[in-house]
2 protein chains.
Amino acid sequence: MDLFSTIKRPTLLLDEQKARLNIDNMAARAQNAGVILRPHFKTHQSAAIGEWFREVGITAITVSSVDMARYFASYGWDNILIAFPVNWREIDEINQLAGEINLGLLLESRDTLRYLDWHLKQPCNAWIKVDVGYQRTGIPWNQPESVLNLAREIQRSRFLRLRGLLTHAGHTYHARGSQEVCQLSQENLNRMITLRDQLTQAGLDRLEISVGDTPSCSLCSQSGATEIRPGNFVFYDAQQWNIGSCHADQIAVAVACPVVATHPERNEVVIYGGAVHLSKDAFDYGAYTAFGLVSLPEDGGWSMPLDGAYVRGLSQEHGIIHLPDEYFNQVRVGDIVCVLPSHSCLAVTLLRDYLTLEGRAIATMHSKP
Amino acid sequence: MDLFSTIKRPTLLLDEQKARLNIDNMAARAQNAGVILRPHFKTHQSAAIGEWFREVGITAITVSSVDMARYFASYGWDNILIAFPVNWREIDEINQLAGEINLGLLLESRDTLRYLDWHLKQPCNAWIKVDVGYQRTGIPWNQPESVLNLAREIQRSRFLRLRGLLTHAGHTYHARGSQEVCQLSQENLNRMITLRDQLTQAGLDRLEISVGDTPSCSLCSQSGATEIRPGNFVFYDAQQWNIGSCHADQIAVAVACPVVATHPERNEVVIYGGAVHLSKDAFDYGAYTAFGLVSLPEDGGWSMPLDGAYVRGLSQEHGIIHLPDEYFNQVRVGDIVCVLPSHSCLAVTLLRDYLTLEGRAIATMHSKP
């Protein structure tokens, strides 16, 4: 049966071929740059999709929560970095995991270090979180003495093994196009290398450098780093397309949404597909704020995004799509439109299950059993 | 054991007493105005909380999807209005439900009417969706001839019983304060009454009027309507507080989030609690865009929101909170802060389960079994 004829509700479609190609491409980029790919699994959150990474030789992964680490550990991943500041309240779960797998933790303060000194009962890898300009968390890159002090304390710690310096340069999401992204990316990388070199001079040998936002890793060589940790690239999304990290035909997920009303007087289509399916994460679509790009079913998948079409608004279950004249007449109530989500990680979390273009269901850690 | 000492991860706290008071207040307001309260259950999405409404005499409810209708029907609700344009692709589920309960559907087009004429096999109540100015969906209130034509077709339909006119005046969310909200609310209500009277003159007797956004229903009399359908009022949230629909101490849910880092140099605290817990729905907190208000644990519940404190940013799992000096020093890594979410309906969908201040878990339709 035709895939789209089976769809009743907002459904997360996955183009397996595109996702596997994205994985292959990133693995090749890492190899060319001489860096290890430690992909972030917070985007797909799925054991089955994790296997696609294993098939290209990935053995070490990144996650964003202790829960996610437990989930992937239960599927045989034994080298996991939790790229999130240590949550003291999950120390029991951390100890249990660290007893089972090679676990990496992020530190950015002496408070947390002392807490771990007191409560950690198993060996863990420690990464110092460095802020290269994003200003979310981490020790600023230009405070080498703070980093050095923390590094020395980590070295004196019983169970922590200092691995190196880690950053997430989330501010590349504000850049547009290869040149701007790579200028920023190189600046970030240089800051990490400078800091590492300062620590080397102070006697801290062999510190690794872990970097990895999707725009930088998709567009620019990360040569000089030890490992990269991009996540979003497995699917990409409208935000990444807007940054210039990918072409529209590399976007590997789309949310199939039933059309429930049309409003010719304002070129708008109402879909079953709202904030509880797509998330309210927006991007700038030219002069407009948009929650997704819009395509139509085509050849068992979805078309290229329709020029000038975008999701202009979302309420809890409703989406409002603006369609230029040439497309408006192609869409009728009862049809399916495919929304390329603004932020695929959040759409995955909300929709919980994938449906491949071949009609196969794939679960995530959020699926109902 | 102290409630907050048990919390490890972002947790949706529910103050049952406040929620029950909110329900009591709205039931009293409806009674005073002489209108029926048909509460929207899309906010709490919980069979257990539904019972609190039953205790004050509620027998008819509103939902936003066929799924939600099925869920509540399975808990004994037998008068349910799906306040969402009919999704043709769920006609089998609609027929099944309509065979079991008193089901209400929303129509706004002849296309959908004809689809239902062809496929509906059970009696349903029909409401014509009217747009009083929100411009999301519905027939504009000032096109009485379009409404009349649709109404007459509904009357000729085999299984549909025309009940009346329904609107959702979502544009009241842009108003601020009682005076502005009620001016807009009265204008909306007058438009519905005018339209109803025009239809009465054309021979369509006894049409009901269904209205009901939380700001209007919280602040203004809806006298003249037949029924009101507010939903958010059961918990309220930062957006409603900002509109002026509620006082801060009426907000009945808060997301307890562990503090994982502090940044004194910029008065910021990093919490475990991000877009996958709170949603990226924002509100204007003075000159700032905020994703929640901030309070601290207090007397087994949470304090009033801290003046000048707000959630300034969210990534997937991180939240960044700005705290003025006087509060910053009260918060340490490992502590819990309570975020009053920007939009409680979305936070409930994301977090799926409640924990009452007495430590009791309450499930929603999204809970894992």
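1. B:Asp299 is exposed, since 7 other C-beta atoms lie within 10 Å, and a residue counts as exposed at 12 or fewer. B:Asp299 belongs to the loop between β16 (297–298) and β17 (301–302) of chain B. Its phi is near 50 degrees, which is a positive value in a residue other than glycine. Most residues other than glycine have a negative phi. Note that this is a predicted model.

2. A:Ser279 also has a positive phi, of about 75 degrees, and is not a glycine. This residue is in the loop between α10 and β13 (283–285) of chain A. Is A:Ser279 buried or exposed? With 29 other C-beta atoms within 10 Å, A:Ser279 is buried.

3. Contacts between the chains involve 42 residues of chain A and 42 residues of chain B. On the chain A side, two or more residues each come from β4 (79–85), α5 (110–119), β11 (253–263), β12 (268–272), α10 (275–278), β19 (318–322) and α12 (344–351). By residue class, that side of chain A consists of 18 nonpolar, 13 polar and eleven charged residues.

4. How are the two copies related? Chain A is superposed on chain B by a rotation of 180 degrees with 0.0 Å of shift along the axis, at an RMSD of 0.0 Å. The copies are thus related as by a two-fold rotation axis. Both copies use the same surface, and 100% of the contact residues of chain A recur in chain B.

5. Chain A has two assigned domains: domain 1 (3–11 + 247–363) and domain 2 (40–230). Taken over C-alpha atoms, the centres of domain 1 and domain 2 of chain A are 34 Å apart. The contact between them involves six residues of domain 1 and seven residues of domain 2 of chain A. On the domain 1 side, α12 and β22 (361–363) of chain A each supply at least two residues. α12(A) gives the most, with four residues. This side of domain 1 of chain A has four nonpolar residues, two polar and no charged.

6. A:Val348 is part of helix α12 of chain A. This residue counts as buried because it has 27 C-beta neighbours inside 10 Å. Leaving out residues up to four places away in sequence, A:Val348 touches A:Leu12, A:Thr43, A:His44, A:Gln45 and A:Thr364. A:Val253 is 95 residues from A:Val348 in sequence, with a C-alpha to C-alpha separation of 9.1 Å.

7. In chain B, how many of the eight residues of helix α12 (residues 344–351) are buried? Eight of the eight are, so the helix is largely enclosed by the rest of the structure. The buried residues are B:Ser344, B:Cys345, B:Leu346, B:Ala347, B:Val348, B:Thr349, B:Leu350 and B:Leu351. Their cover includes α10 of chain A, as well as β1 (11–14), β11 (253–263), α10 (275–278), β20 (336–341) and β21 (353–356) of chain B. Just after α12(B), B:Arg352 has a positive phi of about 70 degrees.

8. Helix α5 (residues 110–119) of chain B has B:Thr112, B:Leu113 and B:Leu116 as its buried residues. These residues are on the same side of α5(B), because they cover an arc of only 105 degrees around the axis. An α-helix has 3.6 residues a turn, so residues three or four places apart point the same way. B:Arg114 and B:Trp118 are exposed on the other side of α5(B). The cover over the buried residues includes β4 (79–85), β5 (102–107), α6 (144–156) and β8 (160–166) of chain B.

9. The largest nonpolar core has 242 residues, and A:Val337 and B:Val337 touch the most other members. Neighbours within four places in sequence aside, A:Val337 is in contact with A:Cys257, A:Val259, A:Val269, A:Ile271, A:Val294, A:Leu296, A:Ile321 and A:Val331. In soluble globular proteins, nonpolar side chains tend to be buried together.

10. B:Gln31 lies in helix α1 (residues 16–33) of chain B. B:Gln31 counts as partly exposed, with 13 C-beta neighbours inside 10 Å. B:Ser223 is 192 residues from B:Gln31 along the chain, and their C-alpha atoms are separated by 9.8 Å.

Definitions and conventions: Residues are numbered from 1 along each chain as its sequence is written. Chains are lettered from A and ligands numbered from 1 in the order in which they are written. This is a predicted model: local features need pLDDT of at least 70, side-chain atom pairs count only at pLDDT 80 or more; totals for chains, interfaces and linings use all residues. Two residues are in contact if their C-beta atoms, placed from the backbone, lie within 7 Å. Ala, Val, Leu, Ile, Met, Phe, Trp, Tyr, Cys and Pro count as nonpolar, Asp, Glu, Lys and Arg as charged, and the others, Gly among them, as polar. Copies are superposed by least squares on the C-alpha atoms of residues with pLDDT of at least 70 in both. A nonpolar core is a set of buried Ala, Val, Leu, Ile, Met, Phe, Trp, Tyr and Cys residues joined through C-beta atoms within 7 Å. A residue is buried if 20 or more other C-beta atoms lie within 10 Å of its own, exposed if 12 or fewer, and partly exposed in between; C-beta atoms are placed from the backbone. Domain bounds come from an automatic or database domain assignment. The arc is that of the directions from the helix axis to the C-beta atoms.
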